[in-house]
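Here are my notes on the model, point by point. Please read them with the coordinates open.

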Amino acid sequence: MTLWLLLVAAHAFAQGATPAQLAPGQNCAFVTQAHANDSAGTANVNHDGSPLPDVPAPDISRGFQGIPRSAQPPLTPSQQRILECTYHLPEADADMPYALFVPSNYTPGKPAPLIVDLHGLNITPLMQMLFDGTTDFAERYGFIVVAPMGYSLSGWWGARSGRPSELSELDAMTLLKSMRQHYSVDSDRIYLMGHSMGGAGTYHLGAKYNDIWAAVAPISAAGGIADAAAAERFRSFATLLMHGEKDSIVSVNGSRRAATLLQGAGAQHLYLEFPGKDHEFWIRRGAENMEKVFLFFATVSKRTHPSVTAGDRSPAAR
């Protein structure tokens, strides 16, 4: 009977499942093109970054007010399967939204890799999931991807002191636990990534829960690694750091310093710096750069990491 149920579930995923089938026990609905369009905000450049007619070019020296924005393109087939969901977080006495993607080849009972994707300041979970290529590559390489809210759009994922940041961390880790309860997740292939503020969260949650992750990817990350002692916790997994050379919002020096500290600690890492690129557009509308993250995650697991053995792992968030 169990095998028959698994085969039925697998067939449902392959044939275009409903939200209830893709997200059992969760409160979810498919994203619409209209909501995706609204989430993109007011465009000030074309999708390729070129100027829009009669629209002043964004001035990145104005900080967040000058970030390039393009309209949301038509949703790709994988993006059309993004789920917008909510769950109740008792500690916050609030319903927390999150975005979820489950690849069509997911089979209940067969362990699948999972990515926790942390958004930046004033970016919603849906906006984070709509970064070009995210779901296309998740579909291609078979990753489940979940983008939490982190309590608020400015929660900082535990990387700063105070109650909002504590709830932000709790939201992320509670949602991770929920994903592991609802899906067959490969415990050797759980990954963490984030952009900007989400990069700060990636450093923080990566180091604090370093027994969980197979690899992490802080992108244009705020914060960083405090010192050589802090870098030691990154020996437990592989790290991909990515930053634009001309970032005028979060200095590239933080990523350069983090890479140096990881090198000194002997922690496996790869640092990619993108000449001439600023804070966001190269990854938001840069599928070729997003693919680098998925290729990195597809290459490493706890099984490939030489410094981690089964005896090293704690039961946190399992």
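1. Buried here means under 20% relative accessible area, exposed over 50%, and partly exposed in between, with a 1.4 Å probe and protein chains only. Strands are DSSP runs of E with at least two residues, helices are runs of H or I with at least four, and both are numbered from the N terminus.

2. This is a predicted model, in which local features need pLDDT of at least 70 and side-chain atom pairs count only at pLDDT 80 or more, while totals for chains, interfaces and linings use all residues. Residues are numbered from 1 along each chain as its sequence is written, and side-chain values use heavy atoms, with hydrogens and water left out.

3. β2 is antiparallel to strand β1 (residues 27–30), and four bridges join them. In this pairing, Glu-84 of β2 is the bridge partner of Ala-29. Two strands are taken to pair if DSSP finds at least two bridges between them.

4. β2 also pairs with strand β3 (residues 94–101), again in the antiparallel sense, over seven bridges. Here His-88 stands opposite Asp-95 of β3. The hairpin of β2 and β3 has four residues between the strands, and Asp-93 takes a positive phi near 50 degrees.

5. In helix α3 (residues 33–40), the buried residues are Ala-36, Ser-39 and Ala-40. They lie on the same side of α3, because the arc they cover around the axis is only 105 degrees. That arc is of the directions from the helix axis to the C-beta atoms. The buried residues of α3 pack against α4 (125–129), where contact means heavy atoms within 4.5 Å. Gly-41 follows α3 and has a positive phi, near 80 degrees.

6. For the protein as a whole, there are eleven helices and nine strands. Buried residues account for 53% of the 318 residues. Of the contacts between residues at least 6 apart in sequence, 73% join residues at least 24 apart.

7. Along the principal axes, the C-alpha atoms fill a box of roughly 60 × 50 × 40 Å.
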